[in-house]
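Please open the model in your viewer and keep the selection panel at hand.

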Amino acid sequence: MAHITTLSEFIIEREKDFPFASGDLSQLLTSIRLAAKLVNREVNKAGLVTEILGEANAHNIQGEKQQKLDVYANDRFIAAMRNQGAVCAVASEENDEHIVFDNPASLDGKYVVAMDPLDGSSNIDVNVSIGTIFSIYRRLDPEKVTLDDFLQPGNQQVAAGYVVYGSSTMLVYTTGNGVNGFTLDPSIGVFCLSHPNMQIPANGNIYSVNEGNYFEFPENVRNYIDGCKKKKMSARYIGSLVADFHRNLLKGGIYMYPGTKDKPNGKLRLLYEANPLAMVIEQAGGSATDGTTRILDLQPTELHQRCPLFIGSSAMVEEVMKG
Ligand code: AHG
Ligand code: MN
Ligand code: MN
């Protein structure tokens, strides 16, 4: 039987590539892996909880209020990171401000993490793929944690990735040395290397955009969409960024969330969505821009900042910019 590489073996193997690594990043990835499995378990029960056991705000057997899945995911990822010491602070789409860990194990944590714990929340109750997105930075000052730790441009990310809870559950990540994908084997609860060294095709046949907003888009984007139709390209839009992104990464394509007249910065968040996926796509040979600037070079000014996003196959991203 061919040898299967598990995620834990892979993490340890890669650690050897960095001779001065202390193992902290490996620990951090291990905690993400654990939280992903817990969320995966809940995702698979989501239908049961809402349809058979009552509404999301019902009480469970312990008398605790049942949590919505995005709150559950947020709590699980934060708890997993708090417990193992590599992370000193977390910023999440679900929290107004960043959270500094004050437990002794975390005080010296070298990293901060920005995350979207549950991406695609409108798809939770309808059995459609959802995800988690994470972005890892080195903290700036060993003495203190400040908002500035999270306002580093995306090109300073140490690692980034996502989990997609789909027809199978996958964890895809990069530490700046290529992109690798791991599929969860639910029978043994182990992520196995299934997609080594992922590369996005330079061109593709899929465009992903919420066309309901077509008339609000800038002219170059409308022109590009018209061109896609003339070429009879495939329109594919799940409404979970992670799932749309993952499909386009494998098959070649472009995902667009442009700004509109009312919302010039679009909807997606720079820290939790655009930056981590931009690092992944560039490591896989693709590109990501906000329409004028490379996503990874944007200087964040606030935690929950939004930005337009054009991400995917490099030839397609280039073309939409030309308009
Ligand atoms: P979230 O569930 O984390 O708030 O993100 C939802 C995002 C993204 O996943 C998706 O691509 C986009 O919102 C869909 O927005 P529209 O419904 O406006 O197309
Ligand atoms: Mn999201
Ligand atoms: Mn979310």
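The stops below begin at the ligand and end at the salt bridges.

This is a predicted model, in which local features need pLDDT of at least 70 and side-chain atom pairs count only at pLDDT 80 or more, while totals for chains, interfaces and linings use all residues. Residues are numbered from 1 along each chain as its sequence is written, chains are lettered from A and ligands numbered from 1 in the order in which they are written, and side-chain values use heavy atoms, with hydrogens and water left out.

**Ligand 1 and its shell**

Select ligand 1 together with the residues near it (a heavy atom within 4 Å). The selection holds 16 residues, and the closest are Asp-119, Ser-121, Tyr-237, Tyr-255 and Tyr-257. Colour them by class: 6 are nonpolar, 5 polar and 5 charged. Tyr counts as nonpolar here, and Gly as polar.

Next, display the secondary structure, in which helices (H or I, at least four residues) and strands (E, at least two) are DSSP runs numbered from the N terminus. Strand E3 (111-119) and strand E11 (253-257) each supply at least two shell residues; E3 gives the largest share, 3 residues. Domain 1 (7-195) and domain 2 (206-322) each contribute at least three residues to the shell; these bounds come from an automatic or database domain assignment.

**Polar contacts**

Now show the polar contacts (pairs of N or O atoms within 3.5 Å). Oxygen atoms of ligand 1 lie 2.8 Å from a polar side-chain atom of Asn-210 and 2.9 Å from one of Lys-267. Leu-118 instead places a backbone N or O atom 3.4 Å from a ligand oxygen. Taken alone, ligand 1 exposes 480 Å², of which the protein buries 81% (Shrake-Rupley method, 1.4 Å probe).

**Salt bridges**

A salt bridge requires a side-chain nitrogen of Lys or Arg within 4 Å of a carboxyl oxygen of Asp or Glu; the count is 9. Select Asp-24 and Lys-110, which meet at 3.2 Å, N to O. Asp-24 belongs to helix H2 (residues 24-51) and Lys-110 to the loop between strand E2 (99-100) and E3, so the pair ties together parts 86 residues apart in sequence.

Move to Arg-247 and Asp-244, paired at 3.0 Å, N to O. Both lie in helix H5 (residues 241-251), 3 residues apart, or about one helical turn. Is Asp-244 buried or exposed? Asp-244 is buried, at 0% relative accessible area (buried means under 20%, exposed over 50%, partly exposed in between; 1.4 Å probe, protein chains only).

Finally, select Arg-41, Glu-42 and Lys-45, which are linked in a network of salt bridges.

How values were computed: A polar contact is a pair of N or O atoms within 3.5 Å; within protein, one must be able to donate a hydrogen and the other to accept it, and residues adjacent in sequence count only if both atoms are side-chain atoms.
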